[in-house]
Amino acid sequence: MDNFKPKMRVVNPDSAGLNSFFKRVYSYMTMALLVTAGTAYLGATIFRAQIIAIFSSGISQLALIAVMFGIVWMFSRRVLQNPAQAFGMLMGYAVINGVFFSTIGLMFNLSTIAAALLTTALLFAGMAVYGFTTKRSMASMGAILFGGVIALIIGGIINIFFFNSIVFLFLSVVGVIVFALLTAYDMNRLKTMYNEYGGQGQATVEQGLAVSGALSLYMDFINLFIYILRLFSVFGGSRN
């Protein structure tokens, strides 16, 4: 979500300001993850019948996907001008993701989900720390990682129609690698952008950057979890 390219002078904010910025980023990200988890739990338990009905219809699924893309598009246009509105969109996006994640609760048992979640959290934390602490710029990796995401999407769509277990495993491994690296890349990018644009008294820009960063890291975590869960399903993960 690289929406911040105003012409501003480079500054060197103090570490307290940087730490406060990342506290906001991770607070918003955590809220979004909790909303997704809560929605998924309700969908897999109380609203189980409704979730099954939704995902029994291709039209309903396409409608949800269209809404998600619409939210991301509006988010990218509004996050700098109106961070509060963009935060609401982030929460809405998290709810819809939770609806999709309800199916995970219907397919996998709790122990498998918990193991995949713990693995995701540990890997995400490690890559986030690396991205934050490294002295090297990871900007050159952006195009490669974006290409990797596109390849995963195309490969996943093709494998839906011509399913092959080897391809499924390969895509899952590549997915973990790509989104682990994206976690480090996004942390590194956010730190660089804050060092350039933060601490200049422009609260709206800084807040918009925090909300945008929360969405980027939220999506990294979600996708990393999905691919790790797929690997668990291949290597002995139990399904309901």
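The model is predicted: local features need pLDDT of at least 70, side-chain atom pairs count only at pLDDT 80 or more, and totals for chains, interfaces and linings use all residues. Residues are numbered from 1 along each chain as its sequence is written, and side-chain values use heavy atoms, with hydrogens and water left out.

**Exercise 1. Salt bridges**

Solution: 
- Step 1. Apply the criterion: a side-chain nitrogen of Lys or Arg within 4 Å of a carboxyl oxygen of Asp or Glu.
- Step 2. Take glutamate 206 and arginine 24. Their side chains meet at 2.5 Å, N to O. Glutamate 206 lies in helix 8 (residues 203-234) and arginine 24 in helix 1 (residues 15-44), so the pair ties together parts 182 residues apart in sequence. Helices are DSSP runs (H or I, at least four residues), and strands likewise (E, at least two), numbered from the N terminus.
- Step 3. Check accessibility. Buried means under 20% relative accessible area, exposed over 50%, and partly exposed in between (1.4 Å probe, protein chains only). Glutamate 206 is buried at 18%. Arginine 24 is partly exposed at 22%.
- Step 4. Take aspartate 186 and arginine 189. The closest N and O atoms are 3.1 Å apart. Both residues sit in helix 7 (residues 165-197), three residues apart, and are separated by about one helical turn. Aspartate 186 is buried at 7%. Arginine 189 is buried at 10%.

**Exercise 2. Aromatic contacts**

Task: Describe the aromatic pair of phenylalanine 22 and phenylalanine 132, then that of phenylalanine 124 and phenylalanine 221.

Solution: 
- Step 1. Set the rule. Rings of Phe, Tyr and Trp (its six-membered ring) pair if their centres lie within 6.5 Å; planes under 30 degrees apart count as stacked, over 60 as edge-to-face and the rest as tilted. The structure holds eleven aromatic pairs.
- Step 2. Phenylalanine 22 and phenylalanine 132 are edge-to-face, at 5.3 Å centre to centre and 90° between the planes. Phenylalanine 22 belongs to helix 1 and phenylalanine 132 to helix 5, so the pair ties together parts 110 residues apart in sequence. Phenylalanine 22 is buried at 7%. Phenylalanine 132 is partly exposed at 23%.
- Step 3. The rings of phenylalanine 124 and phenylalanine 221 have centres 5.3 Å apart and planes at 70°, so this pair is edge-to-face. It links helix 5 (phenylalanine 124) to helix 8 (phenylalanine 221), parts 97 residues apart in sequence. Phenylalanine 124 is buried at 5%, and phenylalanine 221 is buried at 11%.
- Step 4. Look around phenylalanine 132. Phe21, Phe22, Phe132 and Tyr194 form one aromatic cluster. Lysine 191 lies over the face of phenylalanine 132, 4.8 Å from the ring centre. The test for a charge over a ring is NZ of Lys or CZ of Arg within 6 Å of the ring centre and within 35 degrees of the ring normal.

**Exercise 3. Loop and annotated spans**

Task: Locate serine 140, then compare the "transmembrane region" record with the model.

Solution: 
- Step 1. Serine 140 is in the loop between helix 5 (110-133) and helix 6 (142-161). Serine 140 is exposed at 63%.
- Step 2. The unreviewed UniProt entry gives the annotation to several spans, including 25-44 and 113-132. UniProt positions follow the numbering used here, feature names are shortened, and annotations may be inferred rather than shown by experiment.
- Step 3. Residues 25-44 are 100% helix and 0% strand, with end C-alpha atoms 29 Å apart. Residues 113-132 are 100% helix and 0% strand, with end C-alpha atoms 28 Å apart.
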